[in-house]
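Please consider the structure shown below. The briefing that follows covers strand pairing, aromatic pairs and the nonpolar core.

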Amino acid sequence: MIVMVGFLLGMVSFAGGGSPARQVRQEAEAMVQVIHQLRERAVFEGQDYGLRLSTDGHRPMRQGVHGWESVAELTDWPLSVRVHFRQDGYAVDLDADEGPPQLLIFSNDETSVFTLTFESGNRTWLSLSGDGLGEVAIDG
C-alpha cells in the first residue's frame, strides 16, 4: 500500500507539469493523502510511522524493533519546488535523506505539530499544517 502511494506521488509529480502553482497544489494534496494513509495504518497496526523529509523529497518510515526503517523509496519533490519544515514552531534543516523521520505519526492517531511550506522561484505558494490532533490542512 505504501509503495503504491509512493508510486502515485511520483506520477503526480511527473504528470503535474504546467504552472508552478498547480504543481505545488498537486504535491500538497498528495502529501495530505500520504499523511492520512500513514495515520490510518499507524492506528490499525498499533505502530508508529513517520515521514523523512529532505531537500530531494520524502520517504515514509516505520518504527521497527531496531529503530526507524524505510517502507518505500524516496519520492522526489517536483524540480522547481523547495520545501521548508517547522516542527513545534522551530525551523528544521532539511538536508540529506538520512536519519529518522521529522514528521511523526503515532499509533494513537496523533502527529507532530508541523508546518511544511512549499516555494518555487521567489514565491511562497502554500503550506501544510498539522496541529497534532486534527486533519492536516492546506493553508493558501
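Which residue is the bridge partner of Tyr49 in S7? The bridge partner of Tyr49 in S7 is Ile105. This is a predicted model, in which local features need pLDDT of at least 70 and side-chain atom pairs count only at pLDDT 80 or more, while totals for chains, interfaces and linings use all residues. Residues are numbered from 1 along each chain as its sequence is written, and side-chain values use heavy atoms, with hydrogens and water left out.

- Strands (E, at least two residues) and helices (H or I, at least four) are DSSP runs, numbered from the N terminus.
- S1 spans residues 49-53, and five of its five residues are buried (buried means under 20% relative accessible area, exposed over 50% and partly exposed in between, with a 1.4 Å probe and protein chains only).
- Tyr49, Leu51 and Leu53 point one way from S1, whereas Gly50 and Arg52 point the other way.
- S1 runs antiparallel to S2 (residues 57-64), with five bridges joining them; strands pair if DSSP finds at least two bridges between them.
- A hairpin of three residues connects S1 to S2, and Tyr49 stands opposite Arg62 in S2.
- S1 is also antiparallel to S7 (residues 103-105), to which three bridges join it.

**Aromatic pairs**

- Rings of Phe, Tyr and Trp (its six-membered ring) pair if their centres lie within 6.5 Å; planes under 30 degrees apart count as stacked, over 60 as edge-to-face and the rest as tilted.
- The count comes to two aromatic pairs.
- Trp77 and Phe118 form an edge-to-face pair, at 6.0 Å centre to centre and 85° between the planes.
- Trp77 lies in the loop between S4 (75-76) and S5 (82-87), and Phe118 lies in S8 (residues 114-120), 41 residues apart.
- Both Trp77 and Phe118 are buried.
- Phe85 and Phe114 form a stacked pair, at 6.1 Å centre to centre and 25° between the planes.
- This pair links S5, which holds Phe85, to S8, which holds Phe114, 29 residues apart.
- Phe85 is buried because its relative accessible area is 2%, and Phe114 counts as buried at 2% relative accessibility.

**Nonpolar core**

- A nonpolar core is a set of buried Ala, Val, Leu, Ile, Met, Phe, Trp, Tyr and Cys residues joined through side-chain atoms within 4.5 Å.
- The largest such core has 24 residues, of which Met31, Leu51, Leu53, Phe114, Leu116, Phe118 and Leu128 touch the most other members.
- The elements giving two or more residues to this core are H2 (20-45), S1, S5, S7, S8 and S9 (123-130).
- H2 gives the most to this core, with eight residues.
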